[in-house]
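Q: I would like to learn how to read a fold from its contacts, its helix packing and its backbone. Please take me through an example.

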Amino acid sequence: MHNQHLDGIKLDLDWESYMGNHDMEWVVKPVSWDEGAFIGNGNIGAMIYGEEHSSKRRVLRFIVGRTDITATRTDSTGFSPRVPIGELHLELEGMIYHPTCIRVDLWNAEACAVLTTTRGEVRLRALAHSEETIMAVEIETSEGEHGANFVWYPYPEVDPVLINADGINLNQYIPKIEVERKRVVQRNEASDTKINIETKGRAVPGHAADVVEVCIQRYSQGAPVPQSEGCVSAWNEVHLSPNQRIYYLSIEKGHDEQAQEQVVQHVMNAVSRSFDEWVAAHRAWWHRYYQRSLITIPDARLESFYWIQMYKLASATRADRPLIDNQGPWLAPTPWAGVWFNMNVQLSYSPVYTANRLDIGESLVRTLAGCKEQLIANVSEPYRDDSAGLGRSCSYDLRSEVGDEVGNLTWICHNVWRQYRYSMDETLLREMLFPLLRRSINFYFHLLEEAEDGKLHLPPTISPEYGSFMKTKVRDCHYDLALLRWGCETLLWMCDRLEVTDSLHDQWVDVLERLTPFPIDETGLMVGRDTPLAYGHRHFSHLLAVFPLHLIGSDSSEDRALIAKSLEHWIGKEGDLRGFSFTGAASIAATLGRGDEALGYLQTLLHIIKPNTMYKEAGPVMETPLAGAESLQDMLLQSWGDTIRIFPAVPTAWREAAFHDLRTEGAFLVSAQRENGSTRFIRVKSLAGEPCRIKTGWSGAVNMMAIGPASAWSGSESHAAGVVELQPDELGVVELSLVKGDEVVLYQGDTVPDLVIHAAAQIKQQPIRYFGGHKPWRVHATR
């Protein structure tokens, strides 16, 4: 065996069948945003559900959203909030009745339904095309439902019964909206006659598929509202047969001639293509997306939850589309119709890095880079020469003046840092992250005060969400001390990496040497100097040095004791805990290697999220379930502190688990299979040739063998024999000497294991398709 080179990892997995077990499914009609079926393509999307009001039982609603449509407030000061667009209604002949089934097909990113009505049956599938700004709904009707009809209602024309169905929120701003409708006829340039549309390989002669209906919504034109604010929607309905048709709908930002022409073109481009080919292109994008990485665990409910979050991520944003705000494309009545940077954006992007879906993170990077001048303008004029900042909330222009909550830009820089560390993209580091973090930390330097003890201190600032209604400010706030310390350490690391000498180098060193320590008392980490955690605190802002910054690690007994004590005290103050409290607690417990405890926090989270895995407090928010996906990743793989940790916090009950092509800091792709309570093998592929340290969880010597041809080892003599024996250090860490492109497998014993990853066997009989509608009676449904 010692001269063998392995071919690579094999997945024993039928992706379509595997993903099908995680679909969201409704066995009764959903009737609220909390349990609706959702589709999206990173910019436009729809939440799909019905209504139980007696006048609306014949209607299936598609509440349509486009993320970047906002309106300038005329009622007060403040950022330009998101604006609801309108609804597409499938108006049926009969009332929706039983049996009715709706299912979100994750693998194909389609919502499918069989609607039984008091008059007949309607079969339906809906999708937001993965590569085009358009949605389509295909229906097939029985004889009694031939009269089923699609109707587009711009927001001002939606029945108040429906507008208020999910609650009335007086905090949300709705502008005055002027509605105009028109019809646009597209003609064949050669013959000036109507175009025959080919659908599913056959022509539909005489059908006016070239007539596009257009609805324009113009927002209040009073100063200071830009005249371009509003949106335009366009749609077309193609009849394939008397009982089968497809409805195409597109939404464009703005309402000028260019926007109108563009939205009509979106529709015509889709209508003119073979529907089968059009759908196939949509599906192919999603199939590639899902297969970038795999997580499989013996908890069917959590496994489904994870995959729905992966679906949600790509439904909410893409590399070239708006960043993830509080709602994504699925806007509902809310006091938070915008972007929040004291936690929400940071947590929403948190699972993309380990999941090997860095293109999703590019939407955040692109937004920050494009708003550089605004980030500078957010700080007071005297500081703009060298500083930048970001307040708590804003619109997509990131216009948000920095007040007493100082650290938000530095925290979002940590997300960009992760984007860099997981990709090792030197251009991102040099051109975007380094100058932005430098300005962010410079703002702190304007605030630092030297005290009699010779230490540098911070004036009173806000620890996010602690004493919010009282606007509590604390000196030497942990949130800011942690971010300042992390920023200085990271800037020094960047200088070494980029081989640059910066004029602020010595100041960063001085701050690290003289910055006051984190305030600590008998309960652990404090909110700030003279401010212990005295009551419930939903945010983990006072624990940022532990997670996600990892300034306080878990290798020493002193650090572990401090982390454990701080976690216990925080969670013990139950008064103001929320869903995201439990995601933070799960990740912190995973840092300590406490898998059972981390699992308990995630199980608590599942009681709080909505049936469709959305989350809601006073309004809908995106970040909590997405952060839950990162917590699950943290139980299986961690890579902070220059060390990759394999299965660091697996619960006792998880005798089997596996992951494939998860990504780590240093740009490594890692796979591992766990069986019978132990790790069978670990596979590592280096994408950038960075130093590689791995804590395997094994004791004793570790064997390393190349995957692929011997040339992959770059001619190293030590690799020529085929197997290298590695000895772990006192912390159980082994070091791998890899260059870019090297791929190796680690194992123990004399026999090379079969490099096959398969789905984890379930602990016990568990439900499939658990999420969707309320269905507690299905808890014993099995695969």
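Q: Among contacts between residues at least 6 apart in sequence, what percentage join residues at least 24 apart?
A: A contact means heavy atoms within 4.5 Å. In this protein, 69% of the contacts between residues at least 6 apart in sequence join residues at least 24 apart. This is a predicted model, in which local features need pLDDT of at least 70, side-chain atom pairs count only at pLDDT 80 or more, and totals for chains, interfaces and linings use all residues. Residues are numbered from 1 along each chain as its sequence is written, and side-chain values use heavy atoms, with hydrogens and water left out.

Q: How does the radius of gyration of the protein relate to that of a compact globule?
A: The radius is taken over C-alpha atoms, and the globule rule is 2.2 Å times the number of residues to the power 0.38. For 783 residues a compact globule would have a value near 28 Å, and the protein, at 27 Å, agrees with that. The C-alpha trace spans about 75 × 70 × 55 Å along the principal axes.

Q: What share of the residues is buried?
A: Buried means under 20% relative accessible area, exposed means over 50%, and partly exposed is in between (1.4 Å probe, protein chains only). Of the 783 residues, 62% are buried.

Q: How many helices and strands are there?
A: Helices (H or I, at least four residues) and strands (E, at least two) are DSSP runs, numbered from the N terminus. The protein has 17 helices and 37 strands.

Q: How are two packed helices described?
A: By the angle between their axes and the distance between the axes. Axes are lines fitted to C-alpha atoms, for helices over the stretch in contact, and angles run from 0 to 180 degrees between N-to-C directions. Helix α14 (residues 579–591) packs on helix α15 (residues 595–608) at about 165°, with the axes 8 Å apart.

Q: Which orientation class does the pair α14 and α15 fall into?
A: Angles under 35 degrees count as roughly parallel, over 145 as roughly antiparallel, 65 to 115 as roughly perpendicular and the rest as oblique. The helices α14 and α15 are therefore roughly antiparallel. Residues in their contact include F582 and A586 of α14 and Y601 and L605 of α15. By class, the contact of α14 with α15 has ten nonpolar, three polar and one charged residues, where Ala, Val, Leu, Ile, Met, Phe, Trp, Tyr, Cys and Pro count as nonpolar, Asp, Glu, Lys and Arg as charged, and the others, Gly among them, as polar.

Q: At what angle do α7 and α9 pack?
A: Helix α7 (residues 358–370) and helix α9 (residues 408–423) meet at about 135°, with axes 10 Å apart. That makes α7 oblique to α9. Among the contact residues are L364 and L368 of α7 and I412 and V416 of α9. Their contact divides into seven nonpolar, four polar and one charged residues.

Q: Where is a positive phi found in a residue other than glycine, and is that residue buried or exposed?
A: One case is N356, which is not a glycine and has a phi of about 65°. N356 sits in the loop between α6 (344–348) and α7, and is buried, with a relative accessible area of 12%. Another case is E499, with phi near 55°, in the loop between α11 (478–498) and α12 (505–514). E499 is exposed, at 72%.

Q: Which peptide bonds are cis?
A: One joins H98 and P99, with omega about -10°. P99 is in the loop between β6 (86–91) and β7 (101–105). The bond from F547 to P548 is also cis, with omega near 10°.
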